[in-house]
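Dear colleague,

Please find below the structure I promised to pass on to you.

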Amino acid sequence: MNALKALVHRIGRWYIRRICLSEFQGQTFSHHNERPIEYRFALQALAVARPKTVLDVGTGATAWPHLLRNCGLVVTAIDNVRDYWPAGMVNRHWTVLDVDITNPDSFSGSFDAITCISVLEHIEDYETAVQNMPALLTLGGLLILTCPNVYKRPDALYGQDLPYICRSYSSQQLEKWLALGASLERRELWRLFSGPVWATGQRVSWELAESPDKPHQLGCFVLRKRDRANAHRPGAE
């Protein structure tokens with residue numbers, strides 16, 4: 001049995017090395033994406049709050065949970081694998097539980113922080129998703145959201161052929177999220193394109209919008225779970 005286990009592990013390590021080598025050799029540069037902004041924003045919020053447990057919603061095949069674990073956090077990753085990834089999905093960086101955040105009946109837990117990086121705009125029933133996430137937070141816990149705007153438009157630079165939905169959010173949606181029992185601890189709004197929404201116009205030098213009324217296509221938010229009586233602090237930055 002030990003010999004068989006050693007052989008399986010050896011084959012597995014060989015296969016992983018082949019995958020990594022193929023990814024390394026197949027690299028090409030097309031353009032920078034928004035992840036440096038989003039990951040930096042989320043890591044900064046986590047560094048200040050120093051939670052022990054984190055839930056990542058909509059992990060997909062990313063290495064984000066593995067990065068969080070390298071920071072010392074206890075990490076749980078979930079994704080609607082069965083419905084959202086009909087061809088199947090394997091994350092070679094971390095175990096991803098097949099959980100639909102809009103219907104998490106079979107999932108329970110309590111976390112000090114939740115991250116949801118560029119996921120909410122792809123969830124059809126996003127309102128239910130936002131309602132369910134605070135229920136998994138401890139009181140005072142953080143919900144870290146990043147939301148690029150819609151890019152599945154005829155005038156977009158890319159994205160028209162993507163199989164999943166995309167959408168934009170406004171301050172009205174943010175007000176509804178805060179009304180669920182949260183305060184806005186921090187917000188960053190970024191302009192990455194010259195057009196009105198994501199991937200429209202031309203790519204421009206990344207610029208932090210000075211206020212919500214300035215052009216922007218990417219929003220990053222830290223919400224803190226409060227009781228409803230003390231939920232919304234207007235004007236929080």
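The notes below describe the sheet and its helices, then the aromatic residues, and finally one threonine. Please bear in mind that the model is predicted.

The sheet

The model contains an open sheet of 8 strands with mixed pairing, and the strands follow the order β3-β2-β1-β4-β5-β8-β6-β7. Strands β3 (96-98) and β7 (203-208) stand at the edges; each has a single partner strand, so one side of each is left without a neighbour in the sheet. On average, neighbouring strands are turned by 20° against each other, direction ignored.

Within this sheet, β5 (residues 137-148) and β8 (residues 218-225) run antiparallel and are joined by 7 bridges. Across this pairing, Ile-144 stands opposite Val-222 in β8.

Two helices that pack on the sheet deserve mention. Helix α2 (residues 35-49) touches β1 (53-57), β4 (111-117), β5, β6 (182-193), β7 and β8, and its direction makes about 155° with that of β6. Helix α6 (residues 171-179) touches β5, β6 and β8, and the direction of α6 likewise makes about 155° with that of β6.

Aromatic residues

A search of the whole structure gives 6 aromatic pairs. Among them is the edge-to-face pair of Tyr-84 and Trp-85, with 5.9 Å centre to centre and 70° between the planes. Tyr-84 has a relative accessible area of 31% and is therefore partly exposed; Trp-85, at 30% relative accessibility, also counts as partly exposed.

Phe-107 and Phe-111 form a stacked pair, with 6.2 Å centre to centre and 10° between the planes. Both Phe-107 and Phe-111 are buried.

Thr-59

Where does Thr-59 lie? Thr-59 is found in the loop between β1 and α3 (64-70). Its relative accessible area is 3%, so Thr-59 counts as buried, the cut-off for that term being under 20%. The side chain of Thr-59 is joined to that of Asp-56 by a polar contact of 2.6 Å. Leaving aside residues up to four places away in sequence, Thr-59 touches Pro-65, Ala-77, Ile-78, Asp-79, Asn-91 and Val-96.

In short, Thr-59 is a buried residue in a loop, with a polar contact to Asp-56.

With kind regards

Definitions and conventions. Residues are numbered from 1 along each chain as its sequence is written. This is a predicted model: local features need pLDDT of at least 70, side-chain atom pairs count only at pLDDT 80 or more; totals for chains, interfaces and linings use all residues. Side-chain values use heavy atoms; hydrogens and water are left out. Two strands pair if DSSP finds at least two bridges between them. Helices (H or I, at least four residues) and strands (E, at least two) are DSSP runs, numbered from the N terminus. Axes are lines fitted to C-alpha atoms, for helices over the stretch in contact, and angles run from 0 to 180 degrees between N-to-C directions. Contact means heavy atoms within 4.5 Å. Rings of Phe, Tyr and Trp (its six-membered ring) pair if their centres lie within 6.5 Å; planes under 30 degrees apart count as stacked, over 60 as edge-to-face and the rest as tilted. Buried means under 20% relative accessible area, exposed over 50%, partly exposed in between (1.4 Å probe, protein chains only). A polar contact is a pair of N or O atoms within 3.5 Å; within protein, one must be able to donate a hydrogen and the other to accept it, and residues adjacent in sequence count only if both atoms are side-chain atoms.
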